[in-house]
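Please read the following walk through the structure with the model open beside it.

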Amino acid sequence: MERGKMAELESLETAAEHERILREIESTDTACIGPTLRSVYDGEEHGRFMEKLEARIRNHDREIEKMCNFHYQGFVDSITELLKVRGEAQKLKNQVTDTNRKLQNEGKELIVAMEELKQCRLQQRNISATVDKLTLCLPVLEMYSKLREQMKSKRHYPALKTLEHLEHTYLPQVSHYRFCKIMVDNIPKLREEIKEVSMSDLKDFLESIRKHSDKIGETAMKQAQQQRNLDNIVSQHPRISGGKKSKKEACASSELEVPGAQDLVDFSPVYRCLHIYSVLGARETFENYYRKQRRKQARLVLQPPSNMHETLDGYRKYFNQIVGFFVVEDHILHTTQGLVNRAYIDELWEMALSKTIAALRTHSSYCSDPSLVLDLKNLIVLFADTLQGYGFPVNQLFDMLLEIQDQYSETLLKKWSGVFRNILDSDNYSPIPVTNEDVYKKIVGQFPFQDAELEKQPFPKKFPFSEFVPKVYNQIKEFIYACLKFSEDLHLSSTEVDDMIRKSTNLLLTRTLSNCLQNVIKRKNVGLTELVQIIINTTHLEKSCKFLEEFITNITNVLPETVHTTKLYGTTTFKDARHAAEEEIYTNLNQKIDQFLQLADYDWMAMEPGSKASDYLVDLIGFLRSTFAVFTHLPGKVAQTACMSACKHLSTSLMQLLLEAEVRQLTLGALQQFNLDVEECEQFARSGPVPGFQGDTLQLAFIDLRQLLDLFIQWDWSTYLADYGQPTCKYLRVNPTTALVLLEKMKDTSRKNNVFAQFRKNERDKQKLIDTVAKQLRSLINSHHS
């Protein structure tokens, strides 16, 4: 039963499923019926399903038949109506066909026109699109054309700006075009070309300023000179009304007359190149290149030519180039932002200053012409003032000028040494004669000399000094003027100028003039007359030193009493020269005396003396009298010293002549002749050849000879031996050694020539006495030495 129930249940489920499928088939679109049918065939009861399906179809057929039978009459009516409509429709079709044919025939022209309109509209759209595209492309092409034109005309900075606009503004709008891609690819090449061309322009600029540095520097120094002249004019006329206006006018006129650096050199290439490199992001590269090249140029400019010292133009060209270099750098400093900075300029200036000073020290040392040294100094001052006007420190240059001042002094001293030599060599060493008042006033105007007695004398008359006195005095003043010229524009105080002039003048007096005077005094051919005149001249020059002091004071306005003021050593110079001349007179006189003494020809074996003094001695005394007559214009002490020195030298020489070893024997007669000569000398001394001696002072020069001769001629040995050593001794000046030498010569003579034969007749013990005297003299000598 259970199986039967189960089978029944399954049958019911199958029937229900088939019913569902049938409903689904009836209600489902035929396109989707496949899955439904497939579910039937997947099952095992498709036979039964087919039966149900056929039963359902039969049911639907019966329902359709019923419906058709119900509506048949209406269907017949509809068919009848449709047949009627069919005829009408055929007519309508024919009409439509005919109308269509007519419309087609009529529309052919319209179609052609419409086709043409279509093509026209298409062309219009294409033209409009083309215009739009060209509107975008043309500015690009125009900008590119402008770029090429700017490149061609070497307007590189505008070209770079155009390139920037082209790249960032125009090309992005038409970047899909092929020609734009070509342009984009070409832009880096154009940039590089602009860089290269601008760098080429910069190199041309650097070469240009190198060539024009000389002219730029010359121009700047002319401007500085004009400004200095203007300042001098203004300072000399400070109270003139409207002075400020005139200065401005002069400045304006000077600016018109003298072009500036920017007028001589076109600086636009460096500006353009700087802007271009800045825009390209390579400013630092440009700055480094510019500074490096300018440093190289600076080193070339600072290298002086080897022959620079030969002419002033050599120095001027050297300075012009340096000034030109730094004027350009100063202009670049103030017209660009950071291409050069103050630190870079200062570094270059420090290098330039050290090299310039070293070069000037070296080359100026070769210069021996004071005029060239002075011109060089003025050029250096102008050089310093010019650069100081551009803000460069120049104190070291002025310090170096003080060194050159020493060299200038040396060149002046050398020059004036030649001047003094010429004056002294050409002088006639005779008092200056004057024949009228004009000549007298002229000389007094040249040399400060006042002598009331000389003024009272009638013309013609003579100044006591020779021509070299006013000439030397005026040359000393000229030297002072020359020293003063160097001190101008050195920004020195009056005290410094005064000190510099006095020191240089002292060197002139104590070294240059002193040496020249000494050389004249020491010349071999200088005569006593010349020496006397030199003494007179130097005496007057010594007196003029106070006027030289006043001369310097009037120039510098520094009083001699000011603390630390250097005093002139002129008095010392002229005193030394005078003393040298005096010594030379003494030496010269002694040499003349020696020359006369060489003429002495004594017969030392003469038995009897002559009747008068020797001829050579008479001539010698005559020479001395005429010589001392010339000494009337000498200072008294000089003439007295010369006379005393001559008499002493004559006395000493006569004593040496008497005692010289070559004279081994002499007779009493020879001694008496020698005594006549000494008496002639004593007579000359008593005659007062030079005024000023008191009593018999001059005779004392011969006292040694006189006492010695008296001792021998009077044979007064008892007195000599008895009083020897006492202050009141009659023969105090007779040295026992001298007496012994002379006694020995006479002793030998008496033995060989029997000179004392008459004495032996009268005094048989005379020879014994000579031996005794000689013995006693030796005793005195020994006791004196002990």
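Helices (H or I, at least four residues) and strands (E, at least two) are taken as DSSP runs, numbered from the N terminus. The model is a predicted one, in which local features need pLDDT of at least 70, side-chain atom pairs count only at pLDDT 80 or more, and totals for chains, interfaces and linings use all residues. Residues are numbered from 1 along each chain as its sequence is written, and side-chain values use heavy atoms, with hydrogens and water left out.

Helix H19 covers residues 545–556, and Asn 557, which follows H19, has a positive phi near 60°. The 12 residues of H19 reach 17 Å from the first C-alpha to the last, close to the expected 16 Å, where the expected span is 1.5 Å times one less than the number of residues. Buried residues (under 20% relative accessible area with a 1.4 Å probe, protein chains only; exposed is over 50%, partly exposed in between) in H19 are Cys 545, Leu 548, Glu 549, Phe 551, Ile 552, Thr 553 and Thr 556. An α-helix has 3.6 residues a turn, so residues three or four places apart point the same way. The cover over the buried residues of H19 includes helices H16 (468–487), H17 (494–521), H18 (528–543) and H20 (570–597).

The structure holds 32 aromatic pairs, defined for rings of Phe, Tyr and Trp (its six-membered ring) whose centres lie within 6.5 Å, with planes under 30 degrees apart counted as stacked, over 60 as edge-to-face and the rest as tilted. Phe 326 and Phe 392 make an edge-to-face pair, because their planes stand at 70° with the ring centres 5.3 Å apart. This pair links distant parts of the chain, 66 residues apart, with Phe 326 in helix H10 (residues 312–335) and Phe 392 in the loop between helix H12 (370–389) and helix H13 (395–426). Both Phe 326 and Phe 392 are buried. Phe 463 and Phe 465, in contrast, form a stacked pair, 5.3 Å centre to centre with 25° between the planes. Ring pairs join Phe 463 and Phe 465 with Tyr 440, Phe 447, Phe 449, Phe 459 and Tyr 473 in a cluster, and the charged end of Lys 461 sits over the ring of Tyr 440, 4.6 Å from its centre.

Helix H13 also holds Leu 401, which is buried at 0% relative accessible area. Leaving aside neighbours within four places in sequence, Leu 401 is in contact (heavy atoms within 4.5 Å) with Lys 377, Ile 380, Val 381, Phe 486 and Leu 490.

For the protein chain as a whole, there are 28 helices and 2 strands. The radius of gyration is 70 Å, whereas a compact globule of 786 residues would have one near 28 Å; the radius is taken over C-alpha atoms, and the globule rule is 2.2 Å times the number of residues to the power 0.38. The C-alpha trace spans about 245 × 90 × 45 Å along its principal axes.

Methods:
Lys NZ or Arg CZ within 6 Å of the ring centre and 35° of its normal.
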